2 protein chains.
Amino acid sequence: MERIHNFSAGPAILPQEVLEQARDELLNWQGCGMSVMEMSHRGKEFSGILNQAEADLRELMGIPANYKVLFLQGGATLQFAQIPLNLLGGGSADYVVTGSWSKKAYKEAQKIGTVRLAGSTEKSGFTRFPANAELDLDPNAAYLHVCTNETIHGVEVFDYAALPDSVPLVADMSSHILSCPVDVSRFALIYAGAQKNVGPAGLTIVIVRDDLLGRCAVSAPTLLDYAVQAEHGSMLNTPPTYAIYMAGLVFKWLKRQGGLVAVEQHNQAKADLLYRAIAASTLYRNPVELANRSRMNVPFTLTQAGLDETFIGEAKKRGIVQIKGHSSVGGMRASIYNAMPLEGVQALTAFMQDFEKAHV
Amino acid sequence: MERIHNFSAGPAILPQEVLEQARDELLNWQGCGMSVMEMSHRGKEFSGILNQAEADLRELMGIPANYKVLFLQGGATLQFAQIPLNLLGGGSADYVVTGSWSKKAYKEAQKIGTVRLAGSTEKSGFTRFPANAELDLDPNAAYLHVCTNETIHGVEVFDYAALPDSVPLVADMSSHILSCPVDVSRFALIYAGAQKNVGPAGLTIVIVRDDLLGRCAVSAPTLLDYAVQAEHGSMLNTPPTYAIYMAGLVFKWLKRQGGLVAVEQHNQAKADLLYRAIAASTLYRNPVELANRSRMNVPFTLTQAGLDETFIGEAKKRGIVQIKGHSSVGGMRASIYNAMPLEGVQALTAFMQDFEKAHV
């Protein structure tokens, strides 16, 4: 069987070229006689891999010199605690809740310290990002936390410049990091689990402005202190070396695609194709407001009841897999990350049209 | 260039068969059309991989049914904090310090709560595990923490039955887990970073008796609560899926070797060969007492000054790499984990003899 059209929300599709390179050098990296998995993290081979990955990420995202790049573990879920542990400093933080993930971040932060709900779109079903005028912002907040792409609800922020700038801005970009250019300087901290748009699960990227370091709660585990991790170059202990290597291959691949401007154009074309197919049908429906429709995660429901399992089963026969929506919202979800080729989205929309003709 | 003799202390050598299998199915796991790295952790393919890995680990180690097996992140270093967060319950714990790693564990636990030093061999240079009579044990301790194999100092515990049993026993087995049979029921909790004897870095295995769950500090990050992780089958959030898959391949390989009894015999033969070579020489010296000489990590110094760099350079010409000792103790260290074939140790001892003839 050939490789298939994988619409998983994460862990997710990786670029085929990247997987082929990983396969070809799995037992013997660049003639050194070892797999990357077998290298001491303190040796020159792995140090080179780590430094190159950081340099490429800095170049791709245009990360200013006064930001640290950390390669950590624990996923966004551990960041939900680690961020308030590091940044609250005895103060209070504001959270905007626009979907399942920012809601989880807000809930976890409540375990750690004082946080406020600055705004929520839950009552209207998480279908948009609120305007600044709707937010109840604390001018003295230690930070304001937002999720710029809600993986489950498919709600994306596009206009970063419009986000509030009164206090340090912290963003969960797990499911759309590297999908388009971002002005990093607008943010105090950006974080992302790798398993959607970066590489394998088990790696978390944190990009943090250096003036925010050094105020971690003294009782926090040392490994969770950004300042200590920055001081040790993400190697206070053994980092997830193979996941970092894979991320580095993805960064090189993104550069070969032409960088994030070109990647964004490609993503826009894929998303346009899918949203147009949904709009043109009577069977499929996406509930998200036009201004916030995610280019990475496209949830849609079938307006005709009882067809979901048939849709999933027939999709699978066409090599279209991991298309089922998150259990909390039902329906379908097509995650079309950077690594999803246009052909994959074309296969999906062709199937959706055929399915609609056959069943409606 | 062929694959080489890799004596890294971790990340470390993996079985060649395992790497070959990983390579062969890297783009397409068992005909499913996806890489393991691309699978949703909630899908049936990855659930099968995780469940099989746990079942094989339980079989290999004879883990009783009243113990949970957790696949976590953060390495042993995060466990140094996570253990007191979960087990102290407002009480105090005892620590035995027998090398760099147990010292780090003790120091980190002091950040979290009340801990006592029950014994230390630091003054005599970390060359043995203390007898029970030397320990100052608190009969009311929440637990007693030991490191059963000190990776840097090469000090291993062999007689688990002789360890104190008055309070729950917690053991860091990072660098010798799965190297020999262990009576798991002697321990309340066993933990190990994967990157030495299990698989790639970025995975931590915790084996914990279920009556110890449910007393985690309320302010701890949710991800660090063993009870929550156990309840969610290590999938509160996305686990390090590829590292779990690789660990599963290693477990299968260990079963093919005949299980841990056969693996121990193999390890004993390798260690005997190396320790005999050291004992037979005047150039090489291992400072550890006979009763505690590690079968996994063999540190040795050169009695003649100024030869270290020459030794490392000439070793490399013979395909012997990552042999330098940890910077805190100097000299050399040969880590001869499960995956190191006898031929690797033979190549090392042959080189050591040739080097001694040439330079002494």
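Student: Is B:Tyr143 buried or exposed?

Tutor: B:Tyr143 counts as buried, because its relative accessibility is 0%. Please keep in mind that this is a predicted model.

Student: And what about B:Tyr95, buried or exposed?

Tutor: B:Tyr95 counts as buried, with a relative accessibility of 1%. The cut-off for buried is under 20%.

Student: How are the rings of B:Tyr95 and B:Tyr143 arranged?

Tutor: Their centres are 5.9 Å apart and their planes stand at 70°, so the pair is edge-to-face. That label applies to planes over 60 degrees apart.

Student: Where in chain B do B:Tyr95 and B:Tyr143 lie?

Tutor: B:Tyr95 is in strand 3 (residues 92–97) of chain B, while B:Tyr143 is in the loop between strand 4 (114–120) and strand 5 (144–147). The pair therefore ties together parts that are 48 residues apart in sequence.

Student: Let us turn to the aromatic pairs in general. How many are there over all chains?

Tutor: The count comes to 25 aromatic pairs over all chains. One of them joins A:Tyr95 and A:Tyr143, edge-to-face, with 5.9 Å from centre to centre and 70° between the planes. A:Tyr95 lies in strand 3 of chain A and A:Tyr143 in the loop between strand 4 and strand 5, so this pair links parts 48 residues apart in sequence.

Student: How accessible are A:Tyr95 and A:Tyr143?

Tutor: A:Tyr95 is buried, at a relative accessible area of 1%. A:Tyr143 is buried as well, at 0%.

Student: Which residues do ring pairs link into a cluster?

Tutor: The cluster consists of A:Tyr284, A:Phe300, A:Phe311, A:Phe351 and A:Phe355.

Student: New topic: what lies over the face of A:Trp101?

Tutor: A:Lys104 does, at 5.0 Å from the ring centre. In chain B, the charged end of B:Lys104 sits over the ring of B:Trp101, 4.9 Å from its centre.

Student: Now the whole of chain A. How many helices and strands has it?

Tutor: Chain A has nine helices and 14 strands. Its C-alpha trace spans about 60 × 55 × 30 Å along the principal axes.

Student: What does the radius of gyration say about chain A?

Tutor: For 360 residues, a compact globule would have a radius near 21 Å, and chain A has 21 Å, so the value agrees with the rule.

Student: Finally, how much of chain A is buried?

Tutor: Buried residues make up 63% of the 360 residues in chain A. The accessible surface of chain A is about 12,700 Å², and 51% of that belongs to carbon and sulfur atoms.

Technical notes
Residues are numbered from 1 along each chain as its sequence is written. Chains are lettered from A and ligands numbered from 1 in the order in which they are written. This is a predicted model: local features need pLDDT of at least 70, side-chain atom pairs count only at pLDDT 80 or more; totals for chains, interfaces and linings use all residues. Side-chain values use heavy atoms; hydrogens and water are left out. Rings of Phe, Tyr and Trp (its six-membered ring) pair if their centres lie within 6.5 Å; planes under 30 degrees apart count as stacked, over 60 as edge-to-face and the rest as tilted. Helices (H or I, at least four residues) and strands (E, at least two) are DSSP runs, numbered from the N terminus. Buried means under 20% relative accessible area, exposed over 50%, partly exposed in between (1.4 Å probe, protein chains only). A charge sits over a ring if NZ of Lys or CZ of Arg is within 6 Å of the ring centre and within 35 degrees of the ring normal. The radius of gyration is taken over C-alpha atoms; the globule rule is 2.2 Å times the number of residues to the power 0.38. Accessible areas come from the Shrake-Rupley method with a 1.4 Å probe; for residues, only the protein chains shown count as cover.
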